[in-house]
Amino acid sequence: MLDSSVANVALPHIGRQPLGFHDESTWVLTSYLVANAIMLPAAGWIARRIGRKKLLLISILLFTLASLLAAWR
């Protein structure tokens with residue numbers, strides 16, 4: 001739930017960008033929700049295949065790397 005709240009907070013900022021993303025800014029939240037709906041069942045399947053602990057560690061690693069890349073920008 002926190003992730004969708006963060007996306008909602010970012011929408012006005014995305015809409016004010018000079019590249020003309022005002023009308024397309026709502027697609028940010030829509031695409032997030034679609035990706036979340038796809039990944040929820042997939043995460044269960046992946047957890048059964050590789051184990052919950054390994055999935056959690058991989059997820060934390062990917063989140064950390066993505067956060068570092070976003071901060072580096």
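Leu-65 is located in helix H3 of the predicted model. With a relative accessible area of 44%, Leu-65 is partly exposed, because it falls between the limits of 20% and 50% that separate buried from exposed residues. Leu-65 belongs to a nonpolar patch on the surface, together with Ile-50, Ile-58, Leu-61, Leu-62 and Leu-68. The accessible area of these residues together is about 550 Å². Helix H3, which covers residues 52-72, is the largest contributor to the nonpolar patch, providing five residues.

Of its 21 residues, one is buried, so H3 lies largely in the open. Leu-55 is also placed in helix H3. Its relative accessibility is 19%, and Leu-55 therefore counts as buried, since the cut-off for burial is under 20%. The C-alpha atom of Leu-55 lies 9.8 Å from that of Gly-44, a residue eleven positions away along the chain. In length, H3 reaches 30 Å from its first C-alpha to its last, close to the 30 Å expected for 21 residues at 1.5 Å a residue.

Helix H2 comprises the 25 residues 26-50. At 1.5 Å a residue, H2 should span 36 Å, and the separation of 35 Å between its end C-alpha atoms agrees with that value. Gly-51 follows H2 and has a positive phi, near 100 degrees.

At the level of the whole chain, three helices and zero strands are present, and the order of elements from the N terminus is α-α-α. Buried residues account for 11% of the 73 residues in the chain. The accessible surface of the chain amounts to about 6500 Å², and carbon and sulfur atoms supply 71% of this area.

The mean pLDDT of the chain is 82, and 75% of the residues score at least 70. Among the elements, the lowest mean pLDDT, 68, belongs to helix H1 (residues 2-15), whereas the highest, 93, belongs to H3.

How values were computed. Residues are numbered from 1 along each chain as its sequence is written. This is a predicted model: local features need pLDDT of at least 70, side-chain atom pairs count only at pLDDT 80 or more; totals for chains, interfaces and linings use all residues. Side-chain values use heavy atoms; hydrogens and water are left out. Helices (H or I, at least four residues) and strands (E, at least two) are DSSP runs, numbered from the N terminus. Buried means under 20% relative accessible area, exposed over 50%, partly exposed in between (1.4 Å probe, protein chains only). Accessible areas come from the Shrake-Rupley method with a 1.4 Å probe; for residues, only the protein chains shown count as cover. Patches are made of residues with over 30% relative accessible area and no salt bridge: like charges are joined within 9 Å, nonpolar side chains (Val, Leu, Ile, Met, Phe, Trp, Tyr) within 5 Å. A salt bridge is a side-chain nitrogen of Lys or Arg within 4 Å of a carboxyl oxygen of Asp or Glu. pLDDT is the predictor's confidence in each residue, from 0 to 100. The expected span of a helix is 1.5 Å times one less than its number of residues.
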